Amino acid sequence: MYFVTSNEGKYREVKGIANKYGIEVDWLKMEYLEPQGGELEEIARLSAEMLSEKIDEEFFIEDSGLFVEALKGFPGPYSSYVFKTIGNEGILKLMRDAENRRAYFKAVVAYFDGKDVHTFSGKVEGEIAREAKGTEGFGYDPIFLYNGRTFAEMTSEEKNRVSHRRRAFEKFFSWLKEVKKI
Ligand code: IMP
């Protein structure tokens, strides 16, 4: 089954999770247009619907974001753009005087089965660190603290045990096994 993404970090993590379920994932490296704003579920569903006009086979995509409580959920659905522009340093600056460091990552998988789109979501709660730490992972990992360590200070196995992505794909892959008998 195809995983459509241009993000290699996501692909590597999902391949690792899929392995545990005995599911083979092929990488279809491709950029696609994402509608901006709204809920992640809506964005993922609409993106999958648009892509289904170009791809004849079954595929899935994953849309994720970082939601910071003190910033009223920012960058949320704009996470990708914000990462490319102000990046981790920019988020740390915005958070310089914030006492409340609570944040969560959310991931939504949208699967096109050849006819319909199905979505599955996962969330992990943590905190925004005071400074970037660690070299593993990708994106906001160096500033996302989970149980005292940033995601970038964990091995990919450790992150994969608790991440938003793991939680969303766990739901998706067990559903696939049960409903689709894959
Ligand atoms: P999108 O899902 O491709 O729209 O990307 C969302 C943004 O959040 C990108 O900038 C990613 O780098 C970032 N992001 C998504 N998941 C993670 C994660 O597991 N760790 C760190 N950053 C992430």
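This is a predicted model: local features need pLDDT of at least 70, side-chain atom pairs count only at pLDDT 80 or more; totals for chains, interfaces and linings use all residues.
The ligand sits in the largest pocket. About 790 Å³ of space lies in that pocket. Its lining is made of 29 residues, and those nearest the centre of the pocket are Asn7, Lys10, Glu34, Ser80 and Lys84. Sorted by class, the lining holds 10 nonpolar, 10 polar and 9 charged residues. Among the secondary-structure elements, S3, H3 and H6 each supply at least two residues of this lining.

The shell around the ligand can be described in the same terms. There are 16 residues around the ligand, and the ones that come nearest are Lys10, Ser64, Asp141, Lys159 and Arg165. The shell divides into 4 nonpolar, 5 polar and 7 charged residues.

The side chain of Lys10 places an N or O atom 2.7 Å from an oxygen atom of the ligand. At Ser64 the backbone takes part instead, with a polar backbone atom 2.8 Å from an oxygen atom of the ligand. Arg165 has a polar side-chain atom 2.8 Å from a nitrogen atom of the ligand. Taken alone, the ligand exposes 490 Å², and the protein buries 91% of that area. Strand S3 (59-68), helix H3 (79-85) and helix H6 (164-179) are the elements that give two or more residues to the shell around the ligand.

What remains is the loop between S3 and H3, where Lys72 and Pro75 are found. Most residues other than glycine have a negative phi, and most peptide bonds are trans. Lys72, a residue other than glycine, has a positive phi, near 55 degrees. The peptide bond from Phe74 to Pro75 is cis, with omega near -5 degrees. The loop that holds Lys72 and Pro75 therefore runs between two elements, S3 and H3, that each supply at least two residues of the lining of the largest pocket.

Definitions and conventions:
Residues are numbered from 1 along each chain as its sequence is written. Side-chain values use heavy atoms; hydrogens and water are left out. A residue is near a molecule or strand if one of its heavy atoms lies within 4 Å of it. A polar contact is a pair of N or O atoms within 3.5 Å; within protein, one must be able to donate a hydrogen and the other to accept it, and residues adjacent in sequence count only if both atoms are side-chain atoms. Accessible areas come from the Shrake-Rupley method with a 1.4 Å probe; for residues, only the protein chains shown count as cover. On a 1 Å grid over the protein atoms alone, a cavity is a set of points where a 1.4 Å probe fits but cannot get out, and a pocket is an open set with protein on both sides within 12 Å along at least five of seven lines; lining residues have an atom within 4 Å of a point. A molecule sits in a cavity or pocket if more than half of its atoms lie within 2 Å of its grid points. Helices (H or I, at least four residues) and strands (E, at least two) are DSSP runs, numbered from the N terminus. Ala, Val, Leu, Ile, Met, Phe, Trp, Tyr, Cys and Pro count as nonpolar, Asp, Glu, Lys and Arg as charged, and the others, Gly among them, as polar. Grid points are joined across faces, edges and corners, and a volume is the space filled by probe spheres set on the points.
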